[in-house]
Structure formats: C-alpha cells, structure tokens
Amino acid sequence: MSKSGVPLFALRLLEWVCPEEMFEEIEGDLLQHFNRDVEMYGVAKARRIYSFKVLSFIHPSIFMRHKLSKSLFQTALIPSYLKTSIRSIKTNPVFSLVNIMGLTIGLMASVMIALFVVNEYNFDSQLSKKAEIFRIYTRARYTGSPEQDVALTSGWLGPEIAKNFGQIRNYTRYWNLRTKVFLKEEKRVAKRNVIAVDSSFLKLFDFKMAQGSASTCLNKPSSVVISKEIYDAFFKPGDLAINESIKIDDTEYIITGVLESIPANSHLQFDALVPISPLAANDRMFQLSWDGGFLNTYIQIDPSSARTLPTHLTNLFHKLTGHKDGEPNSELLLQSLNDVHLSSSQMDHDSNNIKKFNGQYITVLQFTAIFILIITGINFLNLSTAASLYRTKEIAIRKTVGAKLSQTIFQHVFESSLTMVTSFVIALALIFILLPYVNKIVDRDIQFGLIFRHPNYITFFVLSILLIISASGLYQAFLKKRVKVIGNFALQLRGNFSRGKNLIILQFSLAAILMVCTVVLYQQSRFISETDPGFTKDQIMLVDMNKEVNEKYTVLKNELLRSSNIIGVTASDQRLGNDLGGWGFKVKTDTGVYQFIPSNINVDLDYLDVYGMKLKDGRSFSSAVKTDAGRAFIVNETMIKELRLKQPVGVRAGHAWYDSDSLGSIIGVVQDFNYNSLHQKINPVALVHHPEWGFSEISIKLKAGRVNEGIAEAKKIWDATISSYPFQYSFLDDHFDTLYNSEKQMRSVFLIMACVAICISSMGLFGLVIMTTRGRVKEIGIRKTLGATSFQIAGMLSRYFLQFIFLSLVIACPISYYFANEWLQTFAYHTSLDVKPFLVTTFIMIVIALLTICYHTIRIAFGNPVQSLRNE
Amino acid sequence: MAKEYLGEFEELVLTMVAVLREEAYGAMIAEEIQKKQNREANLSGIHVTLYRLEDKGLIKSTYGGATNERGGRRKRIYSVTNAGFAILRMMKESRMELWKLIPQLKTSAL
C-alpha cells in the first residue's frame with residue numbers, strides 16, 4: 001500500500017490521534033471517501049484530500065477522548081511484566097547485581113552528603129531566636145598587613161552599646177574562664193569550659209533546662225548553672241540540685257539551674273555558666289581604658305537594623321576609646337548567627353566557636369553530590385540498555401502480539417521503577433547502619449531522621465529518581481522500537497552508540513576530577529605534617545595550671561627536671577596551635593611611637609629553648625637580667641618586617657599601657673614560627689616574660705620513646721606536690737591536628753567520593769563494552785578468519801576503549817587544576833601543584849579501565865570465529 | 001435533556017441520522033449533506049458532532065457491516081433515540097410556530 005493507496009504518514013498520524021474506539025470507523029470512512037475521490041479526481045489529488053482530512057481530525061474533541069489513565073497505566077499486564085522482570089534478573093544475575101549495586105552506591109553517596117549538608121545548615125537551629133541574634137566582631141587593619149577579623153570584643157562593649165542604642169533588644173557577653181575545678185563533698189571534677197555570661201544569656205540562647213528557671217537563674221551573684229555532665233558527676237538521677245552549694249576553685253557557689261545536654265549542633269559548648277557582672281565589677285579588664293578584646297558579645301536585634309548598626313557601633317567605639325586615627329584602624333561588624341558556623345573560617349581568636357566548618361566546602365560537597373547523582377543516572381541508563389540486548393526476542397514477540405508503544409514504555413518504566421525503588425530502599429538501610437561510622441569520620445552527630453524534616457531535599461531526591469526512571473524508560477522504549485522483527489526473531493539492533501560514548505566520557509571525567517582533587521588533598525596533608533613549623537611540636541605535654549600550681553611552679557619544675565624522661569619544662573599563658581591573643585603594643589622608632597596590636601604570649605624564661613625556636617638576632621630571656629621581667633621583648637621576623645626596623649635589638653618597645661618614656665626594649669628576634677594552622681599567615685608576635693601575671697599551662701618536653709614513663713613520673717610528682725588541682729594533660733601535636741579537622745574530614749569524604757565515582761563509571765564502561773562488542777562480534781569473527789591473532793584483536797578493542805579514558809583525562813585536567821589551585825590558595829603555606837596527582841590519576845584510571853574491559857574483551861578476542869559467524 | 005437547544009449543524013446531523021436510518025454513518029451523512037443541501041461538510045466535523053450527540057444521549061450507535069470499499073473496516077451506524085425524537089419534535093414545533101407569524105412565508109401548505 002504505497003503510492004496507490006492512502007498516504008501512510010497520514011494514516012499513522014490518524015492512528016496516533018484517534019482513540020481506539022473510534023479509529024476503525026473513522027479510518028473506514030476516510031477510506032471510503034478516498035476511493036470515491038480516486039475515481040473522481042485521480043490518485044494524487046485524492047491523497048492530498050485525504051491528508052487534509054486527516055489533519056482536520058486533529059481536534060480537541062477527538063483526541064481529548066483518549067482515556068488517559070487507560071493508556072498510561074496498563075494495570076492488566078503488570079503480572080506479565082513482573083514475571084519477565086524477574087526472569088531477566090535470573091538469566092543475568094551479574095548484570096542486575098551490578099546495576100543495583102551501582103544505583104545503591106550512587107544514591108547512598110548523594111543522600112549521605114545531603115544529610116551532612118543539612119546537618120551543617122542546621123547548626124544552632126534549636127534556638128528560637130536564631131534569626132535575631134548577631135555576634136559582634138572586630139575588624140582590625142594594620143598598615144601593610146591584610147585586615148584581620150577577630151571574634152573578640154572588649155569587656156565593656158555590651159552594656160555600653162545597650163545603653164546607647166535602642167535597637168538592641170538584648171545582649172549578652174560570653175567569657176570563657178577556661179578550666180575550673182568543681183568540688184562537692186570531697187569529690188573533685190575539673191571542667192574545661194566554664195563561662196561567665198550576663199544574666200540574659202539563657203534568654204537569648206534558650207537551651208533547655210532540666211531544673212531551674214532560665215529567666216532568673218543567673219541573677220544572683222553566686223549562682224551557677226551546671227551542665228548535665230556535672231550534674232551526673234555529683235548527683236544521683238532525680239536529685240534536686242537547686243540551692244545545693246558547690247565550690248568552684250575554692251569559691252562557694254549556689255546551683256541555680258541544671259541544663260539538659262547541649263545539642264551537638266550548637267556552636268557554643270560549655271560546662272557551666274556563672275554571672276559575669278560580679279567579675280566585671282572588680283576587674284580592670286572591663287574598664288573603658290582596657291584596650292584588648294577578650295570575650296564574645298552577642299546582641300538581639302531586628303534583622304533589618306543589621307545593615308546600619310555596625311557604623312553606629314564603630315563610631316561609639318571610637319568615641320569611647322579615642323581610637324579614631326590610631327593604629328590599628330578597627331571597626332565593629334555584625335555576624336548573623338546563621339553564619340557563625342559556616343562562615344567563620346577566616347575569623348581569628350574564635351576558639352569558642354566549636355566545630356566550625358568552612359561553608360565553601362559545603363558548596364563543593366553539594367556539587368559533588370549532584371555529580372554523583374548524574375553519573376549514577378547515566379550509568380543506570382547504559383546498563384539497563386545493555387541488559388535489554390538480551391531480551392530482543394521478548395520484545396519482538398510482544399510487538400507481534402500487539403504491544404503498543406505506550407505499553408512498551410510502561411513496561412520499561414515499571415521495570416526501572418522496581419530497580420530504582422529496590423536500590424533506594426537498600427541505600428537508605430545501608431545509610432542507617434553506617435551512620436555511626438560516618439559520624440565518627442566527620443566528627444558530627446547526624447541523625448537519620450534529619451532528612452525527613454527538610455522537604456526540599458526529599459522533593460529533590462524524589463524528583464531526581466523519577467527523572468531517571470522516566471528517562472531510562474523512554475530511552476529504552478524508543479531504542480526497542482528499532483528492533484526489527486525479522487523472520488525467526490533474529491536480532492538486528494540498529495543504533496549508534498555515540499550517546500553512550502559521550503556519557504562514559506562524562507562519567508570518567510567527573511571521576512578523574514574527584515581523584516585528582518583527592519590526591520592534592522592528601523599531598524597538602526602530608527605537606528602540613530612534614531613542614532617544619534619553626535618549633536618542636538612532638539613529645540610536648542601540656543598541663544593545666546591553677547593558682548596553686550603557679551605558686552609552686554619553681555618547685556614543680558625542679559622536681560620534674562630531675563627525671564631522666566623529662567627534657568624540658570616551661571610555661572606560658574597561651575597554647576600554640578590556635579590564634580594567639582593580642583593586646584596593644586608600642587614601639588618607639590626614629591619616626592615616632594608606633595602603636596598596634598600584634599599577637600602576644602607571656603612565657604617563662606626558657607620558653608625558646610624548650611620549644612626549640614631559633615633566634616635570628618639578639619638573645620633569649622635570662623634570669624640574670626632583672627629587667628627581663630616585663631621590660632624585655634622578643635619579637636618575630638614578621639614584626640621586624642612590618643615595622644621596617646633595621647636594627648631591631650635595642651629598640652624601645654612596651655605594652656600599650658606603658659608610659660612612652662619608660663618603655664622596655666626588644667632583646668631578640670626569633671625566626672618566624674607557625675603558631676597557628678597553615679591556613680593563616682604568620683602575624684607579628686611579641687614574646688614577653690611576666691611571671692607575676694601567672695601562667696595557665698606548663699609545657700613538658702618528654703624524652704622520645706619514654707613518653708609513657710614520662711607521663712607516669714610527671715603525675716607522681718604532681719600528685720605529691722599539688723593538692724587542689726588534678727593532673728590534666730594533653731599533647732601539643734594532637735592539638736595541632738585538630739586545626740585541620742575540616743581538611744581531614746574533606747579528605748576522607750573526597751576519597752570515598754572518588755572511589756564511588758570510579759566504581760560507578762567502571763560499571764558504566766562495563767555496560768558499554770558489552771553493547772559495543774556484541775555489535776562487533778561478526779566483524780571480529782571475520783578479522784580472525786582473515787588472520788588476525790587474538791592478541792591483535794584484544795589490543796584493537798582495548799585501544800578503542802582507552803581512547804575514552806584519555807579523552808576524559810584531557811577534559812578533567814584543566815578543570816581539576818583550576819579547582820585544586822583555588823583550594824591550595826586558601827592556605828597561606830602550601831605545597832606546589834605538580835604533575836604527580838595527574839600522573840597518579842591517569843595510572844589508576846587506566847588500570848581500572850583495563851580491568852573492567854578485560855573480561856569481555858578477552859572473551860570476544862579469543863572466541864571461536866566459527867561461533868560468531870554461524871548465524872550468517 | 002430538557003430544554004436544550006441544538007446548534008444548527010448538530011440539528012442538521014441529527015436530522016440526517018433520522019433520515020438515513022440504516023445508512024446513517026459518518027461518510028454517508030457527509031455525502032448526503034453534500035448532495036442534498038449542496039454544502040461542503042467536513043468529515044471530521046460530522047464525526048465530532050456525532051460523538052457529541054451521542055454524549056448528549058440523542059443518538060446511539062452500533063457496529064455495522066464492513067465492505068470491501070472500506071478495506072474491511074466496519075461502519076458505526078447511528079440511530080435516533082427517544083430523546084432525540086423528542087428534541088426533533090420540539091424543534092420542529094417551535095420553528096413552525098415562529099414561521100407561522102411571518103407573512104412572507106405563508107404558503108398554502110402551512
């Protein structure tokens with residue numbers, strides 16, 4: 001029925017438009033008219049008239065009569081589809097397993113990342129006033145150095161700004177008094193984070209209280225609110241702790257409240273709260289004249305005033321301190337509580353911000369999750385298509401018996417849905433099981449139920465899954481349309497695999513990028529651990545001091561040094577491995593008195609020796625020189641460079657509160673040392689010796705290899721000498737490791753993601769190999785009969801696939817170079833980006849690709865050509 | 001099915017169905033309209049109208065015989081239901097009442 005009959009295209013169009021019930025009669029009528037027209041006008045015109053008539057049937061009244069539900073959901077055939085699905089899984093268990101595995105891994109990875117991201121965004125979310133709380137921070141600018149954001153503010157700032165600005169509804173200060181010993185009925189417990197706060201603290205930060213009232217518990221001067229852990233240490237469950245007395249560092253306090261466990265996703269973590277006003281009244285650090293910031297100030301305002309308030313705050317600050325034109329040029333700024341957890345990576349002196357995380361990494365993670373989802377979807381498509389090659393007989397029979405296109409689509413959507421849902425369920429189950437381990441790696445407390453409370457993410461995943469299912473269903477159905485039913489159902493699958501090839505290249509590119517980034521991450525980690533920081537980090541034990549320890553320090557030190565396992569003992573008021581506190585400093589140069597805020601540490605005389613810091617010029621502190629106490633300063637090279645001092649030793653210098661006429665002097669220059677993480681540039685540092693101020697930490701250098709003995713001996717000596725303070729120690733190198741927590745976590749995450757991406761891409765490659773080699777079976781058979789050796793064939797096939805790998809590497813290199821470089825720039829000190837990561841990635845990818853393709857390639861290459869040519 | 005009014009084309013098609021009886025199917029209706037009334041009738045328009053009339057319950061259909069001319073496809077033969085006749089009657093009467101009042105249309109037959 002071609003040229004002498006009705007136009008086929010029109011007929012097919014008609015068939016598509018008309019609902020089944022009406023098709024027959026309409027077709028018949030058109031045919032009747034057509035035959036009449038042929039008699040009257042001839043074939044050509046009749047065909048034209050016919051086509052026009054068909055077009056006129058495209059009318060809403062016709063095609064709206066399709067019963068939608070009937071054509072999309074062919075419920076009658078579902079049992080049959082189910083049977084064939086199960087049968088196909090049984091005949092190809094490897095395939096189905098690989099497919100489901102790939103899906104599961106991909107889904108698991110994406111959902112896991114989503115959980116982590118949601119958890120990060122959820123920090124501090126349990127606070128009802130989160131949207132209105134802002135943290136004040138100081139931005140200090142010295143000439144010649146980049147500006148520095150510091151999370152600390154002055155002690156008097158809170159009350160002053162509350163007095164002057166009506167927009168500030170409430171405020172609270174947060175002052176970490178560090179370690180205190182709690183004593184009750186002969187039991188001693190030392191806790192590291194005792195905080196002095198204003199009585200309004202619990203109104204802003206409404207942590208749940210197990211006992212006591214949040215609004216009044218901090219009003220009386222000797223009140224203390226204790227954490228659940230302290231409560232558990234001193235009381236039996238169910239005991240009323242309110243109005244019980246407890247001694248904190250030998251001062252009597254009355255317990256006025258017990259807190260419930262502070263949630264893990266709060267940026268503030270503390271053990272006890274005491275009121276700050278009685279402390280402020282007696283402490284000159286809270287006077288207007290005190291120049292340094294040392295505590296956090298939070299305010300509650302209407303978010304709309306957040307833009308204009310900082311200027312007012314800064315102006316008030318300058319007015320009250322008279323700092324307007326001096327050094328440093330500082331301004332006060334507001335940071336919303338929403339940003340405190342994720343946007344404080346550049347914030348210095350931010351030790352009260354627990355487990356802060358770099359928000360930029362979050363964006364990276366989200367993109368990675370989407371990458372992985374894309375790879376997984378593509379993979380699923382490829383593998384399902386490959387699997388369907390084995391089922392062409394079934395397709396052909398179904399078509400013969402009368403399957404319509406919509407039914408074929410439905411069948412494939414149904415099968416894809418089955419696979420997808422199974423994989424999703426398994427993925428969720430696996431996540432549930434593995435969550436504790438993941439929590440350990442990332443140092444968080446992610447709850448499984450978290451994702452259900454965020455509808456956005458659920459919709460995203462559901463939509464992605466639906467998209468993948470429909471895409472694969474439609475894609476396969478259309479592929480199968482091309483199956484020609486020839487005689488005895490022989491297979492003839494026309495198809496170009498260029499789409500499959502492109503997808504594979506995309507997958508491997510993404511995997512390569514992840515891999516290069518992982519290698520760079522590991523390289524930088526190694527760089528960090530191997531770089532000489534300028535002082536000794538290993539075998540340094542740090543021990544907390546209190547007043548008694550300070551009083552008995554000399555005795556303690558002499559006793560400790562008598563042990564052969566202890567090489568050195570010194571003390572300081574701060575620990576290395578975090579930001580160092582700073583206060584005003586003056587230097588008298590030829591051009592005048594220069595005042596600024598460097599970082600300062602108060603140290604014992606032999607600090608440089610014990611820590612192995614190198615002197616570039618001048619001398620270290622000496623007990624022989626009396627003025628070394630308070631009037632001698634050792635500064636680092638960076639300070640010299642900033643002040644442009646040519647002859648630093650002997651230059652007059654002193655603390656900002658010293659009279660400019662009675663300053664001390666610089667006695668030595670120490671080589672720059674990385675007191676903070678390698679993210680931060682080294683600031684100017686001044687080491688001072690003020691034994692009368694007291695130190696807060698003893699540093700004990702232990703002999704290598706005798707660490708345990710050293711610890712035991714130190715404890716013995718301590719217990720014999722000190723009665724009021726327990727022996728609490730930690731190690732400096734552990735402390736430094738915590739600086740890189742974000743990086744360590746990202747490292748692990750990236751390694752896992754890279755493995756996931758490689759796995760999934762390999763599975764995709766596996767599928768592609770099967771598809772293409774099957775298509776080339778005859779070609780290979782002919783080549784072999786013409787004399788090609790099996791090895792030559794294997795080589796030819798391998799080369800064919802390896803070219804994809806090379807192409808993906810070529811694409812991946814510049815992209816990963818860009819990202820790796822950007823990341824390395826976030827470190828002030830970093831390793832250089834060389835060829836190594838790219839070589840490693842190339843090598844691994846080639847090896848894995850070869851492994852993936854070898855099975856099938858070898859089978860085909862070494863196969864018997866007689867088999868493949870038999871069907872000709 | 002009470003006081004519904006049919007469009008002009010619907011009325012025409014309904015009438016043709018009543019007239020043609022056993023031959024009332026799409027293609028034939030189209031031909032008759034063409035021949036008797038000398039107006040171009042679109043086959044699709046007729047089919048759509050037939051379906052609409054069937055939805056309104058004024059006609060019903062069954063499958064009829066297949067002929068060679070139709071390549072073996074069966075016809076759908078329509079017939080007027082009681083409701084259909086009722087409407088036809090009603091329309092005829094209301095038309096006549098109005099036409100009676102027009103002096104120029106007065107002929108001896110009325």
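From the N terminus on, the elements of chain B run α-α-α-β-β-α. That order holds 4 helices and 2 strands. Keep in mind that this is a predicted model. Chain B has 110 residues, and 38% of them count as buried. Its accessible surface comes to about 6,700 Å². Carbon and sulfur atoms account for 53% of that surface in chain B. Now look at the contacts in chain B between residues at least 6 apart in sequence. Of these, 50% join residues at least 24 apart.

Turn to chain A. Chain A has 30 helices and 26 strands. It has 872 residues, and 53% of them count as buried. The accessible surface of chain A comes to about 40,300 Å², with 59% of it belonging to carbon and sulfur atoms. Take the contacts in chain A with a separation of 6 or more. Residues 24 or more positions apart account for 78% of them.

Next, go into the strands of chain A. Start with S3(A), which covers residues 170–176. How many residues of S3(A) are buried? The count is 7 of its 7 residues, and the strand is mostly covered. Their side chains point two ways. A:Asn170, A:Thr172, A:Tyr174 and A:Asn176 point one way. A:Tyr171, A:Arg173 and A:Trp175 point the other way. In a regular strand the side chains alternate between the two faces of the sheet. Follow S3(A) residue by residue, and you can trace both sets in the model.

Which strands pair with S3(A)? One is S12(A), residues 296–300. The two strands run antiparallel and are joined by 5 bridges. Within this pairing, A:Arg173 stands opposite A:Thr297. Another is S6(A), which also runs antiparallel to S3(A), with 3 bridges between them. Here A:Asn176 has A:Ile195 as its bridge partner.

Now move on to S6(A) itself, residues 194–197. A:Val194 and A:Ala196 point one way from this strand. A:Ile195 and A:Val197 point the other way. Are these four side chains' residues buried or exposed? All are buried. S6(A) also pairs with S11(A), residues 272–275. This time the strands run parallel, and 4 bridges join them. Find A:Ala196, and you will see A:Val274 of S11(A) opposite.

A:Ile254 is found in S10(A), residues 251–259. This residue has a relative accessible area of 33%. Buried means under 20% and exposed means over 50%, so A:Ile254 is partly exposed. What does A:Ile254 touch, leaving aside its neighbours within four places in sequence? Its contacts are A:Ser222, A:Ser223, A:Val224, A:Asn243, A:Glu244 and A:Ser245. A:Ala241 lies 13 residues from A:Ile254 in sequence. Their C-alpha atoms are 9.3 Å apart in space.

Finish with two helices of chain A. H28(A) spans residues 790–825, and H29(A) spans residues 836–861. They pack with their axes 9 Å apart, at an angle of about 150°. Angles over 145 degrees count as roughly antiparallel, so H28(A) is roughly antiparallel to H29(A). Their crossing is right-handed.

Terms used:
Residues numbered from 1 in each chain as written. Chains lettered and ligands numbered in written order. Predicted model: local features only at pLDDT ≥ 70, side-chain atom pairs only at ≥ 80, totals over all residues. Heavy atoms only, no water. Buried < 20%, exposed > 50% of the residue type's maximum accessible area, 1.4 Å probe, protein only. Pairing = 2+ DSSP bridges. Contact = heavy atoms within 4.5 Å. Areas by Shrake-Rupley, 256 points an atom, 1.4 Å probe, with all protein chains shown as cover. Axes fitted to C-alpha atoms, helices over the stretch in contact; angles between N-to-C directions. Parallel < 35°, antiparallel > 145°, perpendicular 65-115°, else oblique. Left-handed = near helix turned anticlockwise from the far one by under 90°.
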